[in-house]
Amino acid sequence: MHLQWWSTLPFVAMLACIAILPLVPATQHWWEKRTSQLAIALALGVPVAVWMWIAGGWQTVFATAVEYAQFITLLLALFVVSGGIFLEGDIEATARNNTLFLAVGGVLASFIGTTGASMLLIRPLLATNRERRYRTHTVLFAIFIVANCGGLLTPLGDPPLFLGFLRGVPFTWTFNLLPQWLFVNAMLLAGYYALDSYYHASEPASAVAADRSEIVPLGLRGATNLVWFAVIIAAVAFAPSINAEAIESGHATAADWVPWREIIMLAAAAASYFLGDRRARFEDNQFEWGPITEVAVLFIGIFLTMIPALHYLDEIAPGLPMNEVTFFAFTGSLSSVLDNAPTYATFFEVASRVGGPGGPVVAGVPEVFLVSISLGAVLCGAITYIGNGPNFMVKSVAESDGVEMPSFGGYVLRSFIHLVPILVAMVLLFITGALWAKVLGACLALALLANNARLVRGARRLALVDS
């Protein structure tokens with residue numbers, strides 16, 4: 001089936017609605033309703049699905065429906081289980097303690113998902129810093145690290161990587177991204193430590209005294225949910241799911257129809273919800289279904305409208321001038337202003353049709369391209385509020401706690417100051433092959449570290465003046 005460029009318009013319209021309607025005052029309130037989001041998703045997605053079914057056969061639509069069910073089941077399971085764990089306590093909000101908080105969140109994000117880690121840590125992080133005047137930067141770096149960049153190491157970490165897993169990328173392949181994960185998150189943590197040291201030294205003496213007097217030891221409620229996290233991880237890594245390819249070919253056995261992976265994950269989520277600590281879930285975390293419902297509704301439209309867009313890209317991909325850097329640039333720039341999961345899927349398909357420079361191939365994609373696509377989708381989702389689902393969730397929780405968060409444009413400005421230079425250095429060091437690029441990347445990284453050192457020295461001078 002041959003498709004024209006206009007077949008991608010429903011997909012573009014769906015992503016434009018997600019990006020624009022929440023920001024326009026006239027449509028803001030209307031868009032917040034789940035019924036409104038579902039109406040847009042179905043109005044754009046169902047006609048496309050019917051058209052593709054008639055023109056191209058049922059197999060493509062069936063495969064998309066299976067992938068959607070697998071995708072949402074994982075997010076739902078992680079969301080439910082993380083909602084039953086509450087980290088209580090209020091430690092002193094020093095730069096060291098806050099940095100450790102974010103570092104732990106960055107590690108957890110790869111194993112319980114960026115959504116789960118964000119919802120688990122944002123409230124205790126806010127409680128720890130409640131007595132301080134300067135808190136906005138802490139929430140911003142929580143979005144950078146916990147809600148995005150930390151989730152790079154496993155398919156559980158971020159939705160784009162799970163879509164890659166569903167397309168055949170081995171579960172452990174993302175561990176190959178450990179050097180980039182270490183570099184980006186270490187640089188972000190170093191930048192945060194320097195910035196928070198400066199702000200802490202600038203705090204009024206009364207705020208510091210109040211913070212030191214309100215100390216409550218850390219404790220964990222709902223720890224049994226860690227068992228259910230382990231069950232979910234094992235299910236993703238080892239349990240089989242529906243074999244869509246065998247079903248489409250007409251040679252499926254009964255076992256090919258059984259979604260064992262999803263059954264196990266849903267059972268773990270149900271056990272967590274009904275058997276877990278209800279105080280931790282409903283009183284401490286104030287658990288509600290709204291965030292996961294929004295994701296489920298919107299992705300109906302995204303997955304359905306994406307069908308012809310992916311087919312069209314399959315046709316034009318061989319003629320695109322793509323290399324490692326342009327794959328990162330295209331995937332990253334679109335992931336920052338749209339949703340990073342469908343962006344990953346789009347360029348994954350493009351990469352599978354573009355001739356690579358040689359070397360290993362993973363799931364039909366040249367590995368050098370897959371590295372760039374994975375890094376662009378996960379890391380650049382932090383550049384705007386709309387790049388990744390947890391971004392807005394963290395912003396909303398922080399604002400309800402009294403933190404004054406920047407506007408959409410203000411956030412983008414902050415990300416270009418604190419995050420984008422680190423990503424540029426990472427591209428120069430790890431993606432480009434030229435020696436001059438690696439030298440330039442190293443110089444940029446050293447310049448950023450030197451600026452951090454300058455902030456720390458400034459903080460120490462302020463502390464000496466106050467004393």
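Within what distance do the axes of helix 14 and helix 16 come, and at roughly what angle do they cross? In this predicted model, the axes of helix 14, which spans residues 290–316, and helix 16, which spans residues 340–353, come within 10 Å and cross at roughly 20°. Angles under 35 degrees count as roughly parallel, and helix 14 and helix 16 are therefore roughly parallel to each other. Their crossing is right-handed.

The residues that make this contact can be followed on both sides: helix 14 contributes Phe299, Ile302, Met306, Leu310, Leu313 and Asp314, while helix 16 contributes Ala341, Pro342, Ala345, Thr346, Glu349, Val350 and Arg353. Sorted by class, the contact of helix 14 with helix 16 has nine nonpolar residues, one polar residue and three charged residues.

Helix 1, formed by residues 9–20, packs with helix 3, formed by residues 34–56, at an angle of about 170°, and the axes of the two helices lie 10 Å apart. Because angles over 145 degrees count as roughly antiparallel, that angle makes helix 1 roughly antiparallel to helix 3. The crossing of helix 1 and helix 3 is left-handed.

On the helix 1 side, the residues involved are Pro10, Ala13, Met14 and Cys17, and they meet Ile40, Ala41, Leu44 and Val48 in helix 3. By class, the contact of helix 1 with helix 3 consists of eight nonpolar residues, with no polar and no charged residues.

Methods
Residues numbered from 1 in each chain as written. Predicted model: local features only at pLDDT ≥ 70, side-chain atom pairs only at ≥ 80, totals over all residues. Heavy atoms only, no water. Axes fitted to C-alpha atoms, helices over the stretch in contact; angles between N-to-C directions. Helix = DSSP H or I, 4+ residues; strand = E, 2+ residues; numbered from the N terminus. Parallel < 35°, antiparallel > 145°, perpendicular 65-115°, else oblique. Left-handed = near helix turned anticlockwise from the far one by under 90°. Contact = heavy atoms within 4.5 Å. Nonpolar A, V, L, I, M, F, W, Y, C, P; charged D, E, K, R; others polar.
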